[in-house]
Amino acid sequence: MRRKNLTLVAVGAGALIALAGCTTDPNVEAPEGSEAPEESVEWFDQALFDKQDAERSVTPEGPEGEPWLQHINAEMVDTSQYASEGAKKVCFANASISNPWRQTGWITMNEQLKVLQESGAISEMETRDAQDSDDTQIADIDYFIEEGNCDAFVISPNSTAAMTPAVERACETGKPVVVFDRGVQTDCAVTFIHPIGGFAWGIDTAEFLIDNLEEGDKVIALRILPGVDVLEQRWAAAEKLFDEAGIEAVDYFTGADPVKIKQIVSDELARGDVAGVWMDAGDGAVAAIEAFEDAGVDYPVMTGEDELSYMRKWEETGLNGLAPVYSNFQWRTPLLAVQMIFAGEEVPKEWVLPQVPITEDDRAEFLEANEGMPDGHYAKFGGEDLPGYPTVWQERIIP
Amino acid sequence: MSTTDATATRPAFGRRLARLGFTLISPRGAVFLLLALLLIAIMVLNPKFGDPGQLIRFIQRVAPVAIVAIGQYFVIVSGEFDLSMGSVVTAQVVIAGNLIGQDDSRSIPVLLFMLAFGAAVGLVNGLVTTLLRVPSFIVTLGMMLALLGAVFYWTGGAATGNPADSFREVGRGGIRDVPVVGIIPWSVLILIVLTLAAVWFARRPFGRMVIAVGDNVTTARYSGARVWWVKTSAFILSSLSATVAGVLLVGYAGVHPSVGNGYEFTAITAVVLGGVALGGGRGWVVAAVAGAFALEALFILLNFAEVPATMRDAVQGVIIIAAVAYSAVTFRAIRSGRTPETSPQPGEPSDLGEDRAALAPQTRTPNGARTTNGGSDAT
Amino acid sequence: MKLLRGRRLDNTVIVLLVLIAVMVVGFILVSMAGRNFLSPGNIRDILTGMSVLGFVAIGQTLVILCGSLDLSVPYVVSLASLIAAETMAGDPGKIAQGVLLALVVAGLIGLANGVIVTGLKVNGFIATLGVGLIVSGYLATTYQGTAGSVPREFQFIGATGVGPVPISTIIMVALVALTAAFLRKTRTGHHMYAVGGSQSVARLSGLRVWQPLVIAHVLCSMTAALAGLLLASRLGVGSPTVGSQGGYDLLSIAAVVLGGTLLLGGRGSVWGTLGGVAIFAVVDNVMSVLQVNPFMKDVVRGIVIVAAVALYTGRATERRKARFSPGRAATQEALARDTSMEGSAR
C-alpha cells in the first residue's frame, strides 16, 4: 500500500509539473491542429486591416447629423419580402450589460424603442440578457425561436464563432435577423450593424501616438482582457504599427480595474521613462493619468476613449491626447433597421457606421453637450433627440 | 513558541541563531522567508526598487490588501470564510463616489455611513452563519452576489464619478517632504496602526477566544465563550476592514465597478500563505499581513521578470501550492515531535483530524449531527 | 409540518419540496406574465440550463462528500471544450478520439488535485485554486479565443432532444443515477462517506484515506470535462473562457449545498444535487421570462442560495433537540464525541 501511495504521489507530481511545464513553454504544447498559428498573428488580418483603413476616410452616406443612420460603402439588400403592416414584436438577445459602454447603449436603445412604439412600428421588445455567457445566449435564442412569438430577432452576440449556430437557427425561421456589435460567421442575417471596427481604432490611435512620439519611445498598452475580437483587433493593428515605427510597446491586461492600471503604470514609471499610454477602452484612464501625477513626471501622450471620465481628465490636465470611439450610438440602429425592414426599405447588408475619434479640437463641444452626465457615460451616445434626454442617462435608469 | 522545545537543549551562544533559523523554516515564519526571497529577487532585477521611496510606495500599494487580510484572518481563524469582502470593497467604493460626489462637507457623514454599512453586512453574515447555521461559505457567497447586484442595480452600473479630492487624499496622499523616503502615505500609517491594533486585539481575551472557537467550538463553548457573538464579531471586523480598504482604494485609484473584484480570494490566499490554517484555530495575524506582502511582491516580481501577462496566473498557482504544501509538511514534521499547540483533550492521539478541510460551521456544533448520521443519508 | 418533523425525512426530500415550491411560484408568476411555464419550449429552456451545471455539480458532490472541494472546474471545462474541438477539427471520425482525450487530460488534472490534497496535505480550497490558476494561465497563453470545430454529428448532442427533453439532460440524469449507484453499491462509494465524515476515524478503521479522495477528485475533473464536451457541442467550437463565463466553481458548490449535502462532507446525495441544480435553473428561467433586470437577478440568486440552505440547517437544529435528552450524561457524551471527531489541532 505504501508503495502504491508513493507511486501515486509521483505520478500526480509529474502531472502537475507537466502542466506547469506546458504553461512556461506554450510552443512545445501548441494545439495539434495547424489552425492556430503563432501568438499575435492570429488576430491580425491584412485584408480586414486594409478595408477598415480605407473606410476611415470614406464620407458616409445617409442623413446629415444622424450618424446612427449613416453607412459606409454599403451594398444594399432588398427587404420587400418582409414588408408588412402593423406593430411588430422584437426579440433581443443581449450579451450583457456588464460594462459602462453596454449600459449606456442599452439605455439609448430603450429610449429609441419608446419612439418606435409611439410611432406604431414596434409593439414590444422582449429581452433576454445572457450575462456574458455563450451558453446562456444560445439558450436565449432557442427560447425566442420556440416561445417568443417574435416577428424579428435582434442579436448582440457574446462571441463570434460560438454564436454562429444559434444565429443560423434564428435565420431558419424565415423572420428577419439583425446582428450588431460583435459579428458572427454567417451572413444569414438581413443586416450586420457595426462601427468600422477594431483595426480602425488601432490605426487611429497608433498613428496619433507615432506622430507625437519619437522612435524608440516607450508606450504602455493597457488592455482589458484577451480573447474578445473587437478588442484584440484594436491591439493587433496598433502593435503592428508601433512595431513598424520603432516604438517600444509593452501590453498588459488590466480587467479595466483602475487599481491594477495604477499599479502597472507606477511599476513602469519606476523602471524608466514612459512617453505614451495606449488603451483599448477608456474606463480606468484616469487612474493611469494619476499614476503619472503621483510619480511627479510629465504627462504622457495618450489615447483613451470617449468615456467622460477620460475626456474630463484630458481637458483638466491639458495633456496631448485623443479619444477614439467605438460608436456607442450603434445601439440605436438595430431597432431602426427593424422598422426599415418591415417597411420594405432596403438596408445595407453590412451596415458600417462611422467611427470618428474625438480630437482636442472638438473635445470642448462634446464635453459641453454632455454636462451633468456621469463619468461612465459615453460622449458619442447619440441620444440627444430621444424623449428621456438627459434624465435617463444622468440617472442611469436601466430597465 | 513553536521552537522552544526544539532548542531547549542547545548551547546558549547558538541558541538565538538557531531559534531564528527555526522560526524562518517553521510554517509560521516561512512566509517571512518567502517575502525576503521575493524582495531580494525583485531588487536583483530592478535595483531601483530598493530605494526607500520605492519601498514606501510598495507598502502603500499593499496596504489595502494587507488590511483586508487582517479582517479575513479573524474570520478564518474563527473557523469560517468570508467570500463577500470583494463585494463590500466594491460597494463602499461606489457608495463613496455616488454619495460624496464633489461635496467636501459630506465626507465625514458618508464615511460614518460606510462604516455602519460595513458593520451591518458583517452582522448579517455572522448572524446567518451562527444562528441559522448556514455554512459561512454559502452565506458570504450569497452576500457577494446580492450585494454586488444591489449596488449595480442602484447605480445603473456606472458610478457618477470620483469623490471629492479631500476624501481621496487618505488613499492617495500622505505626509510630504519627509527626508529619505520623500512621502509617507496615509495608507501606510493606517496599515501600521491597524496591524498594531490587530496584534493587540489578538492578545486580548477576546482575541484568544476567536482562536479557541476556531480550534474547537465545543470546548470553547464549555469554557464560557458566547460562540455566536465571537464569530459574528469576526465577520464584523472583516467587513469593516473591507470598508477601510475601500476607502483607501477609492483614493488610490478612483471609482470603478471592478475595484475590489477578486479581493476575497486574494485575501484568503494571503492569509493562507501566512500559515493560517483554513478551518480555524491556528495562525498569527502578523504572518497574515506578511502573506499579503508576499503575494503583492510576487505580482511585482512577475512583472519585473517580464513574465508574459497571460502566464502569471500559472506561476502564481504553482507558488501558492508550493508555499502551502511546504507549510503543511513542516507543520506535521514539527508537531510530530511534540504536543499540539492547543490541546483540548490532553493525552489524545495527536494526529486526530489533523488534515480535515474544515469548511462549514454546523459540523462544529455539539449536536454531533454529522457523526451520528455519517454516510447513512446517502439513499 | 408533521411531515417536516419526521425523522425519516432526509434532505433529498426537502430539496424536492423546495423545488416543487419554486416551480409552483414560478408557474404562477410566468402565467401572470401571459406565458406558459409548462410549454415544451420553456421546459427545454429549463432542462438545457440544468445540463452543463448538472455535470459539474455531480463531480463536485463527490469531492464535497469527501470533505474537499474543487475550484478548478471552470478551467477544466474550458480546456476540455478546446481539446475536444481541436482534436475533432470537424471530422466525424475523430469524435471518439476527442472525447477520450478530453476525459484523459481532465482525469490527469483531477489526479494532480487529489495528490496535492492528500500527498502534500494542501487544503482542497488552496490546492484547487492553485491548479485552477495554472490551467487558466495555460489557456490564456495558448489560446487567443475560440478554436477548433466540432462536426455536425457531435453538435446534435447539444441541439436535439426527445420531445422537449434535450439528449444532454438525459445523459446527465443517467450519470446522476450511475453516481448514486456508485455511492450506494461500491466500497469506494461507502469509503467516500466515511472519509468525509471523519478522516481520522476512517484512518483508524483501516481505510486508505487518500484513495477515495483522489478518486473523487479525478471523477470531478472528468465530469467537468463532460460539461466542457457538452458546451463544445452546443457552441460548435472550443472556448478558453466558456467555463469561467458560467461561474461553475462557486455555482456548482452552491448547487451541491443547496441539494442538501454537507459542505464539510460525509453526508449528502447526488439526487439532492440534481434538485439543487434544478432549483437554480427554474429560478433563472422564471427571472428571464419576467425580464428581470440582470443586476437584480444576482440579488435574487444570492438570497435564494442562503434562504434555501437555511431551510435544512434550521431543521437540523430542531432535530437535535428531540434526539438528546437534557442532562449531564448526554452533554458529556456529546462533548466527548465532538472533540474526538473534531480533532485536537489543525
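Q: Which residue in β4(A) does V90(A) stand opposite?
A: In this predicted model, V90(A) faces A152(A) of β4(A).

Q: And how do the two strands run, β2 against β4 of chain A, parallel or antiparallel?
A: Strand β2 of chain A, residues 88-94, pairs with β4(A) in the parallel sense, and four bridges join them.

Q: What does β4(A) do with β5(A)?
A: β4(A) also pairs with strand β5 of chain A, residues 177-180, in the parallel sense, with three bridges. One bridge there links F153(A) to V177(A) in β5(A).

Q: Which helix does the chain pass through from β4(A) to β5(A)?
A: Helix α5 of chain A, residues 160-172. The β-α-β crossover made this way is right-handed.

Q: Back to β4(A): are its faces covered or open?
A: Both faces are covered. A152(A) and V154(A) lie on one side, F153(A) and I155(A) on the other, and all four are buried.

Q: Different topic. Which domains does chain A have?
A: The domain assignment gives domain 1 as 54-195 + 327-353 and domain 2 as 198-322.

Q: What separates their centres?
A: The centres of domain 1 and domain 2 of chain A, taken over C-alpha atoms, are 32 Å apart.

Q: How many residues does each put into the contact?
A: Domain 1 of chain A contributes five residues and domain 2 of chain A seven.

Q: What's on the domain 1 side?
A: Three charged residues, one polar and one nonpolar make up the side of domain 1 of chain A that touches domain 2 of chain A.

Note on methods. Residues are numbered from 1 along each chain as its sequence is written. Chains are lettered from A and ligands numbered from 1 in the order in which they are written. This is a predicted model: local features need pLDDT of at least 70, side-chain atom pairs count only at pLDDT 80 or more; totals for chains, interfaces and linings use all residues. A residue is buried if 20 or more other C-beta atoms lie within 10 Å of its own, exposed if 12 or fewer, and partly exposed in between; C-beta atoms are placed from the backbone. Two strands pair if DSSP finds at least two bridges between them. A crossover is right-handed if, with the strands pointing away from the viewer, the path from the first strand over the helix to the second runs clockwise. Domain bounds come from an automatic or database domain assignment. Two residues are in contact if their C-beta atoms, placed from the backbone, lie within 7 Å. Ala, Val, Leu, Ile, Met, Phe, Trp, Tyr, Cys and Pro count as nonpolar, Asp, Glu, Lys and Arg as charged, and the others, Gly among them, as polar.
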